[in-house]
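I opened this entry to record what I looked up, one item after another. The notes below follow the order in which I went through the chain.

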Amino acid sequence: YRLSGPTAYTFVEHFMRHTQEEEVVRALAHHLADMALLDYRCVAFLPSAVAASAILLARTALYYSAMPVDAGYTLEELSDCIQAIYDMHENLWVWPGCAQMMLHWDSTAQFRYFLPPLSMLIAMH
């Protein structure tokens, strides 16, 4: 048996298991959670908080609507993790492996995404 603690990946699956959203939201949330874990600041966050932040940003990037994630977190509680994900997108060259992950996403995904301005996300709540 291979047992380990839950990861951001498992929490994305857990939080989205009862939603009727497109698979593209789930794929983008996994991608954003994976990217977040390249930033050492995100290691301090619980995997569930990283997953909730990634789902919120995926929904915002795809729908321009910040639908809440039923994960028990407020936007204020996720703000540091969300800010770290934004920082990574603005400075891909700072984190080793981040630019390669973006290139891989661009070459394998069926779409490109852009995170809306952080001020827009804050204004939605």
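I began with the element names: helices (H or I, at least four residues) and strands (E, at least two) are DSSP runs, numbered from the N terminus. The model is a predicted one, and for local features I kept to pLDDT of at least 70, for side-chain atom pairs to pLDDT 80 or more, while totals for chains, interfaces and linings use all residues. Residues are numbered from 1 along each chain as its sequence is written, and side-chain values use heavy atoms, with hydrogens and water left out.

**Entry: a loop residue**

I looked up G97 and found it in the loop between α4 and α5. For accessibility I took buried as under 20% relative accessible area, exposed as over 50%, and partly exposed as in between (1.4 Å probe, protein chains only). G97 has a relative accessible area of 27% and is therefore partly exposed. I also noted that G97 and M35, 62 residues apart in sequence, lie 8.7 Å apart in space, C-alpha to C-alpha.

**Entry: the nonpolar core**

A nonpolar core here is a set of buried Ala, Val, Leu, Ile, Met, Phe, Trp, Tyr and Cys residues joined through side-chain atoms within 4.5 Å. The largest one has 39 residues, and the members that touch the most others are L32, L57, I82 and Y113. At least two residues of this core come from each of α1 (8-16), α2 (23-36), α3 (47-63), α4 (75-90) and α5 (98-108), and α3 gives the most, with ten residues.

Which residues is I82 in contact with, leaving aside neighbours within four places in sequence? With contact meaning heavy atoms within 4.5 Å, I82 meets S53, L56, L57, L75, L118 and L121. I then turned to S53, which is found in helix α3 and is buried, with a relative accessible area of 0%. Not counting residues up to four places away in sequence, S53 touches L78, C81, I82 and I85.

**Entry: α1 against α3**

For axes I used lines fitted to C-alpha atoms, for helices over the stretch in contact, with angles running from 0 to 180 degrees between N-to-C directions. α1 and α3 pack at about 60°, their axes 8 Å apart. Under 35 degrees counts as roughly parallel, over 145 as roughly antiparallel, 65 to 115 as roughly perpendicular and the rest as oblique, and α1 and α3 are therefore oblique to each other. On the α1 side I listed A8, F11, V12, F15 and M16, and on the α3 side P47, S48, V50, A51, A52 and I55.

**Entry: α1 against α2**

α1 and α2 pack at an angle of about 150°, with axes 9 Å apart, which makes α1 roughly antiparallel to α2. In this pair A8, Y9, V12, E13 and M16 of α1 meet V25, R26, A29, H30 and A33 of α2. H30, in helix α2, counts as buried at 10% relative accessibility, and H30 touches Y9, V12 and E13 when residues up to four places away in sequence are not counted.

**Entry: a cysteine in a loop**

Last, I looked up C42, which sits in the loop between α2 and α3. Is C42 buried or exposed? C42 counts as buried, at 1% relative accessibility. Leaving aside neighbours within four places in sequence, C42 is in contact with A36, V50, C81 and A84.
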